[in-house]
Amino acid sequence: MKQAKIEIHGTGTGEISGKGIGVAVLDTGCFPHEDLDYRIAAFCDIIQKRPMPYDDNGHGTHVCGIIGSSGYASGWQYRGMAPGCHLIPIKVLDRKGNGYASDVLLGLRWIREHQKHYNIRIVNISVGSLSRRNMSENSALVRGVNETWDAGLVVVVAAGNMGPKSGTITTPGISRKVITVGCCDDHKEVNVMGNRMVDYSGRGPTMSCVCKPDIVAPGASITSCSNQPGKYACKSGTSMATPLVSGAIALLLEKYPGMNNRDVKLHLRERAIDIGLPKNQQGWGKLDVQNLLK
């Protein structure tokens, strides 16, 4: 790829690494990359029912690396946000990155059933649909993420790459309960899923007039783990911004383990940095990890 690479170096927050915090990732799976292998605590394959971790697309591995890569294979250059956390990848998308709402719902149910066993505190969902029949808050996907939130989990969802028009937040990011993440740097032209795009981050409001996204983070040209041994890839989009927020929340929950999901959401809102964009583009503002953990 020709884009300038942004390295994820971790946070410089001393001993805080997300240790003990489980992050479930609903995506295309996860390759057991050297930077992730020993911290993949469990793997669930909704698509092909295979028992061992794999990723026949690469998207899910990239997302997992942004959350928790140790950076080992790169000489510690490409570290994730929370390199001490453990990961629980749930494969709900096929090798082309496509899937069904029913599979996502099965993945969410598996997470709720196993959350205590693996200490799953966070669910990262870089998956979305802009189908008009799914845009209601009564849609199955929204009900599924709301049930997962009500089970006590912090649910972090991508805003989608359908901007810049208003009303382009993808489902289930339209849920008023979950934390919906957009890009703060989508003014940069990037390659998203093979297409050159700019100003792509989903904008609110939702059809129910809820202001979304909730928060924004960098998503342009992020380098993270690929689905090949010792290799890295560069990807862009709200799928990349979302795990930055999930990783930051893992750090926050290690520091303040007694926080519930409502506490986390309030803390993010209070510590985000206003970057001067419209509310339906930036929400509360930009993620600031140092400010979040003060």
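Visitor: Which residues is Asn124 in contact with, once its neighbours within four places in sequence are left aside?
Guide: Taking contact as heavy atoms within 4.5 Å, Asn124 meets Ala24, Val25, Leu26, Val63, Ile67, Val156, Thr242, Pro243 and Ser246. This is a predicted model, in which local features need pLDDT of at least 70 and side-chain atom pairs count only at pLDDT 80 or more, whereas totals for chains, interfaces and linings use all residues. Residues are numbered from 1 along each chain as its sequence is written, and side-chain values use heavy atoms, with hydrogens and water left out.

Visitor: Why is Asn124 called buried?
Guide: Buried means under 20% relative accessible area, exposed over 50%, and partly exposed in between, with a 1.4 Å probe and protein chains only; the value for Asn124 is 0%, so Asn124 counts as buried. Asn124 belongs to strand S4, residues 120-125, where helices (H or I, at least four residues) and strands (E, at least two) are DSSP runs numbered from the N terminus.

Visitor: What makes Lys96 count as exposed?
Guide: Its relative accessibility is 55%, and therefore Lys96 falls in the exposed class. Lys96 sits in the loop between S3 and H2, and its C-alpha atom is separated by 24 Å from that of Gly68, which is 28 residues away along the chain.

Visitor: How do you know that helix H1 is mostly covered?
Guide: Of the 10 residues of H1 (residues 59-68), 10 are buried, among them His59, Cys64 and Gly68. What covers these buried residues includes strands S1 (22-27), S3 (86-91), S4, S10 (222-225) and S11 (232-235), together with helix H4.

Visitor: Why are H4 and H5 described as roughly perpendicular?
Guide: Axes are lines fitted to C-alpha atoms, for helices over the stretch in contact, and angles run from 0 to 180 degrees between N-to-C directions. Angles under 35 degrees count as roughly parallel, over 145 as roughly antiparallel, 65 to 115 as roughly perpendicular and the rest as oblique. H4 (residues 238-255) and H5 (residues 261-271) pack at about 110 degrees, with their axes 11 Å apart, and they are therefore roughly perpendicular to each other. Val245, Ile249, Leu252 and Leu253 of H4 make this contact with Val264, His267 and Leu268 of H5.

Visitor: How do you know that H2 and H3 are roughly parallel?
Guide: The axes of H2 (residues 101-114) and H3 (residues 140-150) come within 10 Å and cross at roughly 10 degrees, and the helices are therefore roughly parallel to each other. Ala101, Val104, Leu105, Leu108 and Arg112 in H2 meet residues of H3 that include Ala140, Leu141 and Glu147.
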